[in-house]
Amino acid sequence: MAGDGLARTNPVHPADVAEALAEVLAGGPEVVPAGGPDVMTRDEVMRLAFDAVGKKGLIVHVPAGVLRSTSVLLEGIHPRLSDLLEFVAAVMTSDSVAPARGTRPLRAWFEALAG
């Protein structure tokens, strides 16, 4: 995981995303901010995923600077991979909390997938 794992997010359940998309298709606004009901850190999301499959798991933190440095090195060789690394570093180290629209917790989604 890039960064220290403390960036916050509120993952949204796919069924809640589908409901937001249906609203847009029905003539609603073009942009529908949609976050889940629970705000958690990236580490908490990973732990939740491990819990859902009954594994202890090991979370390894890669400093965002490593990804950014590698991105710079790859810029002339593989621009797409360079952009991807920069994107991952930015997303994993920034808070990304949308207005809570969803009602289904991430735990339920992970448990259904692990089912």
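The largest nonpolar core in this predicted model has six residues: A2, A64, L67, L74, L85 and A89. Helix 3, residues 64–74, and helix 4, residues 79–92, each supply at least two residues of this core, and the largest share, three residues, comes from helix 3. A second, separate core has five residues, among them M40, L48, L106 and F110. As a general point, nonpolar side chains in soluble globular proteins tend to be buried together.

Let me stay for a moment with A2. Setting aside residues up to four places away in sequence, A2 touches V62, L67, V88, A89, M92 and T93.

L81, L84, F87, V88 and V91 make a nonpolar patch of about 390 Å². V91 lies in helix 4 and counts as partly exposed, because its relative accessibility is 32%.

Next, helix 2. Which residues of helix 2 are buried? They are R42, D43, V45 and L48, and they pack against strand 1, strand 2, helix 4 and helix 5. Just after helix 2, G54 takes a positive phi of about 70°.

Is D43 buried or exposed? With a relative accessible area of 8%, D43 is buried, because the cut-off for that class is under 20%. The D43 side chain makes a polar contact with the side chain of H61, at 2.8 Å. Apart from residues up to four places away in sequence, D43 touches M1, D4, G5, I59 and H61. D43 also forms a salt bridge with R47, with the closest N and O atoms 3.7 Å apart. R47 and D43 are four residues apart in helix 2, so about one helical turn separates them. R47, in turn, is partly exposed, at 44% relative accessible area.

That brings me to the salt bridges in general, of which the count is seven. Side chains of opposite charge can pair when their charged atoms come close. E19 forms a salt bridge with R104, the closest N and O atoms being 3.0 Å apart. E19 lies in helix 1 and R104 in the loop between helix 4 and helix 5, so this pair ties together parts that are 85 residues apart in sequence. E19 is partly exposed at 43%, and R104 is partly exposed at 27%. D16, E19 and R104 are linked in a network of salt bridges.

Finally, helix 5. E111 forms a salt bridge with R107, the closest N and O atoms being 3.9 Å apart. Both residues lie in helix 5, four residues apart, about one turn of the helix.

Note on methods
Residues are numbered from 1 along each chain as its sequence is written. This is a predicted model: local features need pLDDT of at least 70, side-chain atom pairs count only at pLDDT 80 or more; totals for chains, interfaces and linings use all residues. Side-chain values use heavy atoms; hydrogens and water are left out. A nonpolar core is a set of buried Ala, Val, Leu, Ile, Met, Phe, Trp, Tyr and Cys residues joined through side-chain atoms within 4.5 Å. Buried means under 20% relative accessible area, exposed over 50%, partly exposed in between (1.4 Å probe, protein chains only). Contact means heavy atoms within 4.5 Å. Patches are made of residues with over 30% relative accessible area and no salt bridge: like charges are joined within 9 Å, nonpolar side chains (Val, Leu, Ile, Met, Phe, Trp, Tyr) within 5 Å. Accessible areas come from the Shrake-Rupley method with a 1.4 Å probe; for residues, only the protein chains shown count as cover. A salt bridge is a side-chain nitrogen of Lys or Arg within 4 Å of a carboxyl oxygen of Asp or Glu. A polar contact is a pair of N or O atoms within 3.5 Å; within protein, one must be able to donate a hydrogen and the other to accept it, and residues adjacent in sequence count only if both atoms are side-chain atoms.
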